[in-house]
Amino acid sequence: MDELAYSSRMVNWAPLGKLLFILALMIVGLITDSLVVPMITFAIGISLMAYSTNLKIPLILALAIGEAILILLIGCGMISIMGSDTDPGLWDGYILWIKVHMTEGSFNQAWLIFFRAVAGVTLMLAFACSTPIPHLAQAFRSIRCPPEITELIVLIYRYAFLLLERFLVMLDAAQCRLGYNGAMTAMRSYGGAMAGTFIFSMELAEKSEAALACRNYDGYFPVFRMPQKMSVAWAVVSIGLAVALYFVGQYTGDWINMAKLFAPLFGWSI
Amino acid sequence: MTDIFKLENVTFRHTPTAPIVLNGMDLVIEEGTRNAILGANGVGKTTMFYTLTGVHKPQEGTVYNRDVPVEYTKDGLRSLRSDVAVVLQNPDEQIFCSLVEEDIAFGPLNLGLERDEVERRVSKAMRDVRMSEFARRPLQQLSGGQRKRVAIAGALAMEPKIMIMDEPTAGLDPQASMEVMELAEKLHLMGVTVLISTHDIDIVYKWADQSYVLYGGKVEFAGHIDEFYSNPERVYRCGLLTPSMFNMNRDISMLDGMDVAPYPRNCCEFTAKFGKPSRSGKVLCVPVEEEEALGKYEEVMKDMNGVPAGVYGPDARFALRSKELEYQFDAIDSCFTDAVRGKDAVLFHDPIYSKTIEEQVEKLKAIGFDADVEVVR
């Protein structure tokens, strides 16, 4: 992610400003009941991500987004089929032993949650794709976030990738020794690699503690190229946009009724 | 000379039930010397380094830094570590930041230096290890050898008084290994005490003043290494082998009925001892600063038809990278070997290495060969 962040066109934007902007949009998406607001914030998130990566979203990130959307679709599908028994049902029945009672309200609620979640994911990814961890840590420090949290974020981030790298090396090594020859062998190989990574993590922690001490680490990861500080403009734009979207939400509450949109497709009478 | 480090009866084990790693170790490191730490795997070299830097506190015995016992307090350790830089065996254990320049700046920033000074040190260290063009590159994109260079640059940027390098050439290609040894030599010439642990016995054989062989958690041998290598049983017991140069000298001396001493440490000394040279070729030494190197090269080489030229030192090599020189690495040895063979050679080098060249001339003289050296100012 850091690699992507350092090559981002938004890397020099103030990290605290970006964070405020993203949080403001996410919060306003949550506090309004209109579907229009999360749709707008989703569009902003996608646009920012496209701008940040210069329309070159890496495959791994695209897959991650795709996976998140799939999980959200399943989750929202579950919400949509668990409507209130007192409301008239659009679709009633059973899926295996699960009772299905989809109502107009539950269907619309599911779409609202879906768009809120997807908007949140894209906004957070737009932020993550453009903000290297040292910049984020510096932003946390500037808002007086406890150093125990900030420095832990940096450490975990750094070592999570080292461990992942190690895990992949172990998997390759297993493959070189026919480690995937049959389902049981493959499971054993994965299990071995996971256990090996866990043991290695403890060894790495010990060695890294010593290495950090040798480099005069004093509980603080300094930043060489300081990121920009947040200007008043960031606060004005973020809060201004959030307020504007809130009012948009107030007046567009009944603009989009997803149940009505889908009614002709499924033959629902609303 | 002052003792920069002294270990007195130091005993260390990682946990109370673990085997003893350092077993009553006594060791003295003199200031400004080139030291090689040798020994088989698992003999305690890295543990000894961590003990010297105060990372490991010995259960028994005392560690002295400049004759003062190391204080295991925050201030005491900070003061000690401001003077000592360590390059670890595995660069991934040492590298913490995402970008090359960020990581190199990590140590100097921890020292609380001014931003301008940090910038200067980072830029210098990156150039010394030939990583300037990778300054803004994420570390995950680098190869193992490049990460090693970043780790070395991180230590160089600390501008330490004592440099500890744990297997600095492991995993590096031959050229990069030679560059690391050049850097170690440069640090030595700048007055830094350098400690190198390595399994590359050939490389340190020609470089170190003092060698320490560890065995069974103790210093089995300390001093000039030829004495140690002359006892094959002891060498094998310590899990080591003798360097090729030592073997060749011993065997040819026996064949020719000559005394094994003086011990040649490199090719030119070996050729001088056994080649029976009649006259010396001239070695034209040209100390060059980076900015004037190209001009001096053109000036000196215009009258040197067919005379081979070599370059020594990171700055001179960087400045003359566009020129096709015959000896790009280990050029002092190569140029003086030419001289022993009666051929002339031109040696461009960073000015700081003049003392190394003088040392080489002295060593050749001790073997009985007077090298003809001219220094172009």
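Q: What makes strand 3 and strand 9 of chain B a pair, and in which sense do they run?
A: In this predicted model, two strands count as paired if at least two bridges are found between them. Strand 3 (residues 34-38) and strand 9 (residues 210-215) of chain B have four bridges, in the parallel sense. Four meets the cut-off of at least two, so the two strands are a pair. Within this pairing, Ala36(B) stands opposite Ser211(B) in strand 9 of chain B.

Q: What is the order of the strands in the open sheet of six strands in chain B?
A: The order is 6-7-8-3-9-10, and the pairing is mixed.

Q: Why are strand 6 and strand 10 of chain B said to stand at the edges?
A: Strand 6 (84-87) and strand 10 (218-223) of chain B each have a single partner strand, so one side of each has no neighbour in the sheet. On average, neighbouring strands of this sheet are turned by 15° against each other, with direction ignored.

Q: Which helix lies across strand 6 and strand 7 of chain B, and at what angle does it run to strand 6?
A: Helix 6 (residues 144-156) of chain B lies across strand 6 and strand 7 (162-166), and runs at about 180° to strand 6.

Q: Why is helix 12 of chain B called largely enclosed?
A: A residue is buried if 20 or more other C-beta atoms lie within 10 Å of its own. Six of the eight residues of helix 12 (residues 267-274) of chain B are buried, so the rest of the structure largely encloses this helix. Among the buried residues are Cys268(B), Phe270(B) and Lys273(B). The cover over them includes helix 11 (244-256), helix 15 (331-340) and helix 16 (354-367) of chain B. After helix 12 comes Lys276(B), with a positive phi near 45°.

Q: How do you know that the radius of gyration of chain B agrees with a compact globule?
A: For 377 residues, a compact globule would have a radius of gyration near 21 Å; chain B has 22 Å, so the values agree. The C-alpha trace of chain B spans about 65 × 55 × 35 Å along its principal axes, and 49% of its 377 residues are buried.

Q: How confident is the predictor in chain B?
A: The mean pLDDT of chain B is 92, and 100% of its residues reach 70 or more. For the complex, the predictor gives an ipTM of 0.76 and a pTM of 0.82.

Notes:
Residues are numbered from 1 along each chain as its sequence is written. Chains are lettered from A and ligands numbered from 1 in the order in which they are written. This is a predicted model: local features need pLDDT of at least 70, side-chain atom pairs count only at pLDDT 80 or more; totals for chains, interfaces and linings use all residues. The radius of gyration is taken over C-alpha atoms; the globule rule is 2.2 Å times the number of residues to the power 0.38. A residue is buried if 20 or more other C-beta atoms lie within 10 Å of its own, exposed if 12 or fewer, and partly exposed in between; C-beta atoms are placed from the backbone. Two residues are in contact if their C-beta atoms, placed from the backbone, lie within 7 Å. pLDDT is the predictor's confidence in each residue, from 0 to 100. Axes are lines fitted to C-alpha atoms, for helices over the stretch in contact, and angles run from 0 to 180 degrees between N-to-C directions.
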